[in-house]
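Please examine the sequence and the structure shown below.

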Amino acid sequence: MMADMKKLFSLFVALLALPCMAADDKAPTPPTDLGKVMFVGDSITHGVNAPSWRWCFHKILADNGIAYESVGYRTGNLSNGVAAGAEYGGVAFNNVHSAQSSARAWELAGRKAGGRFDNTNLLNWLGLSDKTTNGQPYTGQTWKPDTFILLIGTNDLLSDAPAGVNPDKVNGLLGADRKGGDMKTILDAMQKVSPKAKIYVMTIPCWTRHANNNDAAVHQGVADYNAELAKALKGRKGTKLVDINNGLLDTTSDTPFYGCENMFNRPGADGLHPSRQGDLIMANNLADAMGLPGRTAGLERKALKSEEKGKKKELTMDKPGNAGFCAEFSAAANTSLTLADGTQGLTLHFRDGKVLYGENTILMGNSTRKAPKSPICRIAYTPGNEAQGVSAGYYVWLGDDLIGEGLKPNVSDSSYCGLKSSTPLKKAATCAESAYAPAAKNAPKSGFRLTPADPNAVVADYETKDGVLTIRKAKKAELATADAPAVVMEDGAILILGSAQGVQNIRMGNAANLTLPAAAELSIDITGAATYTIILAGGTEGMDLSKLRLLRNGQPVKAQATIPDRQAGTVVVTE
């Protein structure tokens, strides 16, 4: 089995250096509104160690102007999630779902009580039963969704006793004849309450190393279950299987169905839940299965005309302006490629079927999709707009799939301006006019369009005199380095970013915010600050605050340090 998988992988790499999705001539017109959407599942959908693929999927919908309303029994993420009230492109993420850590399919189906979801089940939420699984009356809210997105079964197979994937577990999920089981109960309930609803059933994701489920037989057992799930769903109207593992599988591993470690959190400890990168790829797979266009990161979609007809390795570019720049190309296997603007650049490596950013894999080379005729990669640098949810940095697409988001540039390319490759460039083009997302034939004209950052957000009104840097009223002061050992922040909400090297004294104005490296040895005078926040970033839980001297009217103020949840390298200092 493993040998066959590796043969298939080698064949794919030989046919196609990059596993990207080209725009199909017959691509369906995407919907403008998904209606009420219920996300149903366990912790992978709830969100653990990363905001969850739901947040990435929300961005896909916002980028394309597709409306939806999340409904369900739970809200929020378990950890390291999305802040309440978070927006992307001005579209609020209500973070509502019907997912719970450690949930099983038999709980959702109401076959037996497990304590999760307060012993309620899917039949309760859909108004099909007024009794909870343990026989108590259900008086909670009910919904009639237009779209269901289901990911369940990981805990049934990996966490229920006895250890390992066995026929009893598979039969419980799918029935001995593959026409029953808990999955049928769940899907029947969805279709009964919403006969016209569209139901998307995700395959169980791969993983790396988690608890005692690291044996090759267990990994293979889950892969085999996914194949059985596909058989069970075949021909079922209104239901579509989503292969969620495309781009996540490390097909070079000796262990079958083994995940790329960069796509999962803390390999060796909790290598089961996807990382932010894994969430990004999973959301792409769902959107592809639904016929939706990919992400734009708020950028205008635009085709770039190929400028490269020969076999050159470099393509120069005019000096970009403030709106960013981009390039696209078709990369050969085993290529290193850099896009730079003369001051900074980004290098990607296409090696062994992987797309690498530094040492991190941002996409694996496995693919179950039909090989596109023209595998095109697009890289764009945008200054972004943090207020709209787009970080400054490089964005990378394969076809229409965004596989790299807000990647940080390097400063090693201080002279070259353009696109250069270790192998001859093919179908390459550059654009210094602005940053653009790839064109897509099924992309709607509406959608989130990034606007430039508020010009008042970056301070231009400051002066240095007699060794004192005075920053006047501004929403934000963004300085790579401080220009003087003493800094005066006049009235206004001000944020200083960057190095505090050489700064010894800071006087904060009214309603001031200050962010500085944790190693800073400072005296901070808060006399004029009616409200203030001081954030030290980049340290550890046990950082020494004795170097920080907080003063009011020249007298020391006792400071309290708070470490935000799961951010050991950040300390918020208050009185």
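Phe39 and Phe57 are both buried, a term for residues under 20% relative accessible area, while exposed means over 50% and partly exposed in between (1.4 Å probe, protein chains only). The model is predicted, so local features need pLDDT of at least 70 and side-chain atom pairs count only at pLDDT 80 or more, whereas totals for chains, interfaces and linings use all residues. Residues are numbered from 1 along each chain as its sequence is written, and side-chain values use heavy atoms, leaving out hydrogens and water.

**Aromatic rings**

- A pair of aromatic rings is described by the distance of the centres and the angle of the planes.
- Rings of Phe, Tyr and Trp (its six-membered ring) pair if their centres lie within 6.5 Å; planes under 30 degrees apart count as stacked, over 60 as edge-to-face and the rest as tilted.
- The search of the whole structure finds 11 aromatic pairs.
- One of these is the edge-to-face pair of Phe39 and Phe57, with 6.3 Å centre to centre and 85° between the planes.
- Phe39 belongs to strand β1 (residues 33-41) and Phe57 to helix α3 (residues 53-63), so this pair ties together parts 18 residues apart in sequence. Helices (H or I, at least four residues) and strands (E, at least two) are DSSP runs, numbered from the N terminus.
- Tyr73 and Trp125 form a stacked pair, because their ring centres are 5.3 Å apart and their planes lie at 20°.
- That pair links distant parts of the chain, 52 residues apart: Tyr73 is in the loop between β2 (67-70) and β3 (74-75), and Trp125 is in helix α5 (residues 122-125).
- Tyr73 is partly exposed, at 23% relative accessible area, whereas Trp125 is buried, at 0%.
- Phe39, Trp53 and Phe57 make up one aromatic cluster.
- The charged end of Lys112 sits over the ring of Trp106, 4.5 Å from its centre; this requires NZ of Lys or CZ of Arg within 6 Å of the ring centre and within 35 degrees of the ring normal.

**Cysteines**

- The whole structure has 0 disulfides, a disulfide being a pair of cysteine sulfur atoms within 2.5 Å.
- For Cys206, the nearest cysteine sulfur is that of Cys260, 8.7 Å away.
- Cys206 is buried, with 0% relative accessibility, and Cys417 is buried as well, with a relative accessible area of 13%.
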